[in-house]
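Dear colleague,

Please find below the structure that I am handing over to you, followed by an account of what was found in it. I would be grateful if you could read the account with the structure open.

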Amino acid sequence: MYHVSVMDRFVRIRLVILLPSLLCAALVWIVQLTAKVEVSHDFLVVRFLDVGQGDAVHIVTPDGYEMLVDGGATAGVLRELAQGQSFFDREIDVLVATHPDTDHIGGLVDVLGRYDVDIIIETEAQSESPAALAYAKAAALEGAEIKIAQAGQKIKLGASTTIEIYSPQGDTTNWENNS
């Protein structure tokens with residue numbers, strides 16, 4: 001009987017030491033995983049994403065601001081974005097839709113579904129394609145500030161980077177999108 005009592009005491013002491021240690025380790029791990037990873041580079045990072053047919057460019061400023069220009073035709077843009085971001089990064093500061101062709105905005109529907117976007121920049125060019133209609137609906141539901149691109153506009157991306165729009169000048173409603 002004495003032997004069991006000593007063993008019980010030994011097990012209790014181990015549990016008293018082990019459980020708080022495991023709890024602290026778990027809390028540190030959870031905080032690390034949920035905290036926004038601050039990306040800091042010495043230079044502007046520009047990645048041309050492989051989205052198959054179409055375009056997608058991911059820009060990260062030296063102080064961690066992100067901009068995505070177009071998104072290709074499919075959700076493949078999400079896989080490509082994930083290669084340059086923290087798994088828990090769910091924010092894009094500026095999203096640019098250059099024009100409503102499927103090979104430029106089809107993937108943006110998925111981006112808007114996964115990421116919180118602060119500013120959306122688009123042109124007045126219009127399309128009745130399924131991808132354009134899905135993008136327009138997703139953009140309206142996002143709650144982001146929507147800006148219509150015009151030559152001369154400047155958008156600050158943090159303290160270190162300013163984007164200036166050179167085109168279009170005037171109304172783009174009836175433009176040929178890929179010309």
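Pro 168 lies in the segment that follows strand 8 (161-164); strands here are DSSP runs of E with at least two residues, helices are runs of H or I with at least four, and both are numbered from the N terminus. The peptide bond that leads from Ser 167 into Pro 168 is cis, and its omega is near 20°.

The model is a predicted one, in which local features need pLDDT of at least 70 and side-chain atom pairs count only at pLDDT 80 or more, while totals for chains, interfaces and linings use all residues. Residues are numbered from 1 along each chain as its sequence is written, and side-chain values use heavy atoms, with hydrogens and water left out.

Asp 70 counts as buried because its relative accessibility is 3%; buried means under 20% relative accessible area, exposed over 50%, and partly exposed in between, with a 1.4 Å probe and protein chains only.

Leu 68, in strand 3 (residues 66-69), is buried at 0% relative accessibility. Val 51 sits in the loop between strand 1 and strand 2 (57-60) and is buried, with a relative accessible area of 11%. Between the C-alpha atoms of Val 51 and Gly 107 there are 8.7 Å in space, against 56 residues in sequence.

On the surface, Leu 44, Val 46 and Phe 48 make up a nonpolar patch with about 320 Å² of accessible area together. Patches consist of residues with over 30% relative accessible area and no salt bridge, with like charges joined within 9 Å and nonpolar side chains (Val, Leu, Ile, Met, Phe, Trp, Tyr) within 5 Å; accessible areas come from the Shrake-Rupley method with a 1.4 Å probe, and for residues only the protein chains shown count as cover. Phe 48 belongs to strand 1 (residues 45-48) and counts as exposed because its relative accessible area is 68%.

Two salt bridges are found in the whole structure, each being a side-chain nitrogen of Lys or Arg within 4 Å of a carboxyl oxygen of Asp or Glu. One joins the side chains of Arg 79 and Glu 80 (3.8 Å, N to O), and Glu 80 is buried at 11% relative accessible area. Another joins Glu 145 and Lys 147 (3.8 Å, N to O). Glu 145 is partly exposed at 45% relative accessibility, as is Lys 147 at 23%.

Finally, the second largest pocket holds about 250 Å³ of space. Of its 15 lining residues, Pro 100, Ala 125, Gln 126, Tyr 135 and Ala 136 are the closest to its centre. A pocket is an open set of points on a 1 Å grid over the protein atoms alone, where a 1.4 Å probe fits, with protein on both sides within 12 Å along at least five of seven lines; lining residues have an atom within 4 Å of a point. Helix 5 (residues 130-142) supplies the largest share of the lining, four residues. By class, the lining has eight nonpolar, four polar and three charged residues.

With kind regards

How values were computed: Points joined across faces, edges and corners; volume = space filled by probe spheres on them. Nonpolar A, V, L, I, M, F, W, Y, C, P; charged D, E, K, R; others polar.
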